[in-house]
Amino acid sequence: MNWEELDLNPRIIAAVKRANVKSAKEILSLSGPDLQRLTKLSKADVHHLHTAVAQAYCKRPPVTALQLLRGECPSLEPGHRLSFGCAVLDALLRGGIPLCGITELAGESGAGKTQFGLQLCLSVQYPVEHGGLGSGAVFICTEDSFPIKRLRQLIAQQPHLREDLPKALVRSIRFSDNIYIEHTADLKALQTCISQRIPVLLSRGLVRLVVVDSVAGLFRNEFQADETIERTRHLLTFSSALHRLSHTYHTPVLCINQVTDVVDGPNPGRCDFGLVESRVLPALGLAWANQVMVRLMLRRLGGCVTAGEQSCIPRRLEVVFAPHLPRDTCLCGVWLEGVRGVPLGEDTHGEPPPPQQQLLPDGQVRTTHRPAAGAEGAGDT
Amino acid sequence: MHRTIASLPLAPSVKIKLTSAGFDTCADLKDLRPLQLCKEAGISQEEALEVLQTLRSDDGAGVASHAGGAGAVSGGLTALQLLQKEHALGDIITFCSALDSALGGGVPVGKTTEVCGAPGVGKTQLCLQLAVDVQIPVCFGGRGGRALYVDTEGSFLVQRAADMAHAAVEHCRVVTQDAEQQAALKDFTVENILSRLSLVRCHDYVELLARCYLLPDFLTKHPEVQLVVIDSIAFPFRHDFEDFSQRTRLLNGLAQQLIQLATEHNVAVVLTNQMTTKVWNGQSKLIPALGESWGHAATQRLILHWEGTQRLASIYKSPSQMEATIPYRITEDGFRDLAPPPFPTAQPTSSGPAHSVQQRKRPRMEPLPS
């Protein structure tokens, strides 16, 4: 810290230099009496020192909420969100996922979480006026390999998903060029990725979305049951790095999480978030939950839902908590063209006919042409 | 009053000079001016001043009023004066009338209150609600003040603040009865509410410490600010800290600064804390984060928690209120009671908005059946 820049009596600055104090952080971390002892200054002088250093450290004055609402401070409140590309899902989240902060999507295996991640990687590439951010995405895989076939399928089907956009626009974007895929098999690789490679991509403006699939994978596997403290420490380092990146570059971070089973009844030592009837809870416990700003849960339901000629197993997307959203749910399905919400009033059948849409292990979606009971023969997809 | 000079905390030479000049007890020195004492006892003027100040601070309130303004240090207040002062300061309502009555009116101004809870239980919602409620005009039962919101987690979303402000304005519009309230309502609009809510964002603990050093000046320049919210104080202190003793030291210093701020500038300071799991005798339970010593930091502690699907607010620690647990809910209008009290009848009620809540306009959205 350059002490000369501070608006202080030169005598105080000289005392600070003599005491060999190097940074503003040191000054602010020491209490008044400690600084007095260190610099041999009087109480009033130390008070001036604290105030001057604090003023130099905090350059931004307070802003009013009205200024934020009017969009006068885009660095604090960007004023828009990252859309999913589906009106129903966006309505659930009041516009889409927020640009600053960690959004978590938790669910059982096969619920369709990776599909959400892939869809966001595509929707981020549209310009801002169409709900995107005009930039690419980085997808960090910690468990399985990246579902490249499914991504290609989704890219091919984008015009069908985004029917509200001009076809020329959709065709002009080279989607696969802007998605950066990172495979991190262990914690060390993940930390290198987050601390070195992703900041480079972000600072060059190449990406404006980070998807981590999944968070639980590494942290559950690498630590034994009794190493909770160690695990928590790594988890906090990881999440604070993501948090910092998200706020510095106004980049949404989507973390996909697994779930754990709830075997005992209500447990006072575990927070249920009010999800009493749920058999599963998001993994990684309270330490991780404290870092998350928006928590979403995805559940597979029974039955089947149709839209046009396709039908699939319905999922329920629920907002568990968010600062700006009520506890709400919506039905959605994983279709050929991507994840789309089902507005209330669409056809939902009670009895479970054999599934028409299958989510394969490699992430690809295969349609089978078995007609539902009593329906007309389904056409070719 | 009858204390001997020899027992006063003064330099021995001064004491000898005083006693040799004929002064024995404090009563002898009571009515003297410094210059008179100086001449009588043969001590210097500074020493005379010091003697008289020691005398006054020793005697407290009685002598302070007696000695008038000349060089008197602020003597202590009597308990009655303190009670009157506390009543004058008042409380900030939370719009949940059950919680307000359990707290003795609301979140007290001039004290620090800590709100602890698991993620999603409603801490930020309560803080936003208070930031809107502090601005309710005095004729409606509010404080007519401003608020400063220090956000360390990035969870302040202005959309939500605007929703709550809108609901508060609507509520006041419904309960408006006389001309004074109508006049105040003209000024109480969503834009004005948001313009009186200042936001500061801190990205790490050093920035938070720096902001707290700047708060006294800010509050002196903006005396209308009656609420300072720090949401949350736990977040920046829970990672990147290998040295826990340093963390404890910093937190203690911060706590003292905030208490001083609250009393000197007559603001309510509300802090948000996270929860952590503690394993005790094989059982685990949730306790507030930041350690044991932080438990002593705030004057009052509220713990928000779930019990099944019901959200509960427990007054965990308070010097003046009884321990109580109150159910509440979060609606799209903000922090509210569990069930809305009945619609107010035609007779005007004298109490403020907390006792005459209007029915909500839209029902809460229920989860879809699976």
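Is A161(B) buried or exposed? Select A161(B) first: with a relative accessible area of 1%, A161(B) is buried (buried is under 20% relative accessible area, exposed over 50%, and partly exposed in between, using a 1.4 Å probe and protein chains only).

The model on display is predicted, so local features need a pLDDT of at least 70 and side-chain atom pairs count only at pLDDT 80 or more, whereas totals for chains, interfaces and linings use all residues. Residues are numbered from 1 along each chain as its sequence is written, chains are lettered from A and ligands numbered from 1 in the order in which they are written, and side-chain values use heavy atoms, with hydrogens and water left out.

**First stop: around A161(B)**

Display helix α9 (residues 158–175) of chain B, where A161(B) is found. Helices are DSSP runs of H or I with at least four residues, strands are runs of E with at least two, and both are numbered from the N terminus. Next, select L128(B), V132(B), F156(B), L194(B) and L197(B), which A161(B) touches when residues up to four places away in sequence are set aside; a contact means heavy atoms within 4.5 Å. Then select M275(B), which is 114 residues from A161(B) along the chain; the two C-alpha atoms are separated by 24 Å.

**Second stop: chain B as a whole**

Select chain B, which has 13 helices and 13 strands. Of its 370 residues, 50% count as buried. Chain B exposes about 16,600 Å², with carbon and sulfur atoms supplying 54% of that area; accessible areas come from the Shrake-Rupley method with a 1.4 Å probe, and for residues only the protein chains shown count as cover.

Now colour chain B by pLDDT, the predictor's confidence in each residue, from 0 to 100. The mean for chain B is 83, and 86% of its residues reach 70 or more. Where pLDDT is low, the predicted coordinates should not be read in detail.

Move to chain A, whose secondary structure comes to 13 helices and 17 strands. Its C-alpha atoms fill a box of roughly 90 × 55 × 40 Å along the principal axes. Of the 381 residues of chain A, 55% count as buried.

The mean pLDDT of chain A is 85, and 90% of its residues reach 70 or more. Extending the selection to residues 347–356 of chain A shows a stretch with pLDDT below 50 and 24 contacts beyond near neighbours in sequence.

**Last stop: the cysteines**

How many disulfides are there over all chains? The count comes to zero, where a disulfide is a pair of cysteine sulfur atoms within 2.5 Å. Select C141(A): the nearest cysteine sulfur, that of C121(A), is 9.3 Å away. C141(A) is buried, with a relative accessible area of 3%. Finally, select C255(A), for which the nearest cysteine sulfur, that of C193(A), is 12 Å away. C255(A) is likewise buried, with a relative accessible area of 0%.
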